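This briefing concerns the contact between two chains and the confidence of the model. Please consult the sequence and structure shown here.

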Amino acid sequence: MKMSERDVTEQIETRKPLLEIKDLVTRFDLKNGLFGRVYGRIFAVENVSFNIYPGETLALVGESGCGKSTIARSIMQLDRPVSGSIKFEGQETIGVSPKKLKAFRRNLQMVFQDPFSSLNPRMTIGKAIADPMLVNKLLPSAKAKQRAGELLERVGLSREHMNRYPHAFSGGQRQRICISRVLGLDPKLIIADEAVASLDVTIQAQVINLLMDLQADLGISLLFISHDVAVVERIAHRVAVMYLGEIVEIGDRKSVFRNPQHPYTQKLFSSVPVPDPRLRRSELNLNFDEIPSALQMPDFVPKHLPMLKVSETHFVRETA
Amino acid sequence: MNANTIVDVKDLHVSFPLEQGKILNAVKGVSFQISEGKTLALVGESGSGKSVAAMTIMRLTEHDSAVIDGGKIDLRLRSGETVDVLSLPLARMNDIRGADVSIVFQDPMSSLNPVFTIGDQISEAIVRHQNKTEKQAWEIALNALQLVRVPDAERRMKQYPHQLSGGMRQRVVIAIALCCRPSLLIADEPTTALDVTIQAQILDLIRNLQNEIGMAVLFITHDMGVVAEVADFVCVMKQGKIVETGTVFDIFEAPKHPYTRALISAVPKLGSMIDKDHPEKFPVVETVETGV
């Protein structure tokens, strides 16, 4: 199934969403002492709602601590959400049986930031890629191995690498291995959590190109989590900007980048260094404002402002 | 050495002995100079030897068993005297480090001591180098903290590093580096660990302080966006060698070496997609992935 970029955009308007997140809330209690008294609470994700459509890339941008990764972990239910709804192909996935959860997780796969800690140093690459297929009982052992070789070639490595161990590979190659490992399960959505953040810029470009090729060939949706606004502008169909656990702006890439509405989005975009010395800012901004902490007392009740409509595809949170 | 030159590195070679008699040649014949008030950016990917070259100016690499195989580093001190760094006894180096040359590292948490207050840590450098009493040093330290625009500086002086955010910690490290008004500041990826809004603040701060103090800055980074923001001159390093050097405009507008071109074309430019309806791949860049 090969889809051109244009097909994808047209389908977004007509198709049903692959993943629907509604009013997702994830909080972490901080406890101490013998009786586990709750002395503080981290309001990591607050009333987050968004949809991901088949074959599109939704990018989640924001600074460290704003809750991007917690959203990813909550979708996979690695962190249990406090409330909210996560529907995959119309089916609710919160509170289902472990068996159903396993089947659901097969369709959603994660690629993490650090390719060094996400591969077992004692497992050959071939085994690491075949393992998820065996765990999910997709293929018998011999065929899984065969498939692992094909997947390695798919991501630009060679079949001969199967018997080597992770230490023999560079960071970019390891990230390719992690990508081929998730492809073995034929996922419908890949969650890439800062998947290119630790790579050198030339390698980063190659890995992003690989993800975009795979999306075009296989029609996979991507939830691309990143702090790098310039990378996001390259890869995303739609963009969601996060600030302190909330989505403050969400919309199609062109509209959000051309016409950012929320003050935080504007600040984030204007902070990105421009790789052109002629466009260097002449006046120096010596402000020192900091992002407030998501850690509050347990009885804190967060305020939620409504989202306003900018256009059919672009929404922004009201500012106080 | 030219009258305005602060540091002049000539044909520097540094290597690390490995196991089984192997040798890693980290820096292979690097030369550059920086003038007063100017910023040189040393650019390259991880493992290209840029940090080793810069840290050798402070003779910090020898603690990691590095061997300086050759070359010369001339440094102009604040007193106007010029010294050959590589031939100085280590006791003399201790007087120069932190006073005439300072360094700011990538990770502010591991540069600060968790069990001393911010005020103690800034004062320490002043007591060591400026022959002041602790009380006088505390006053100078407070000024330094105000210089790097830490809000509520008096209260912060009595706090510990864990009570500060990453951006504030990096300001403290910069305050320590600048409290003796060095002639050369080495900034080794000072903003890589920070968020982009904080990065913009720190870059503006370094540029502003450079105008105020007039120091030379050696800025090490892998981010071409940052280079375009801060640098006057650029040296591009690859595998221990400088492959291209020029003014920041030469490098960005007429890059000559294929590696420099690859580096620039791989940098995503915010706004480059503003008229495009659909996502686009990066232009194909031919580079070889290199291991250690």
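This is a predicted model: local features need pLDDT of at least 70, side-chain atom pairs count only at pLDDT 80 or more; totals for chains, interfaces and linings use all residues.

Residues are numbered from 1 along each chain as its sequence is written, and chains are lettered from A and ligands numbered from 1 in the order in which they are written.

**Confidence**
- The predictor assigns the complex an ipTM of 0.77 and a pTM of 0.83.
- Chain B has a mean pLDDT of 89, with 97% of its residues at 70 or more; pLDDT is the predictor's confidence in each residue, from 0 to 100.

**Interface**
- In chain B, 44 residues are in contact with 46 residues of chain A, contact meaning that C-beta atoms, placed from the backbone, lie within 7 Å.
- Helix 8 of chain B supplies the largest share of the side of chain B that touches chain A, 9 residues; helices are DSSP runs (H or I, at least four residues), numbered from the N terminus.

**Helix pair**
- Helix 10 (residues 263-271) of chain A packs against helix 8 of chain B at an angle of about 55 degrees, their axes being 8 Å apart; axes are lines fitted to C-alpha atoms over the stretch in contact, and angles run from 0 to 180 degrees between N-to-C directions.
- Helix 10 of chain A and helix 8 of chain B are therefore oblique to each other, as angles under 35 degrees count as roughly parallel, over 145 as roughly antiparallel, 65 to 115 as roughly perpendicular and the rest as oblique.

Conventions. Two residues are in contact if their C-beta atoms, placed from the backbone, lie within 7 Å. Helices (H or I, at least four residues) and strands (E, at least two) are DSSP runs, numbered from the N terminus.
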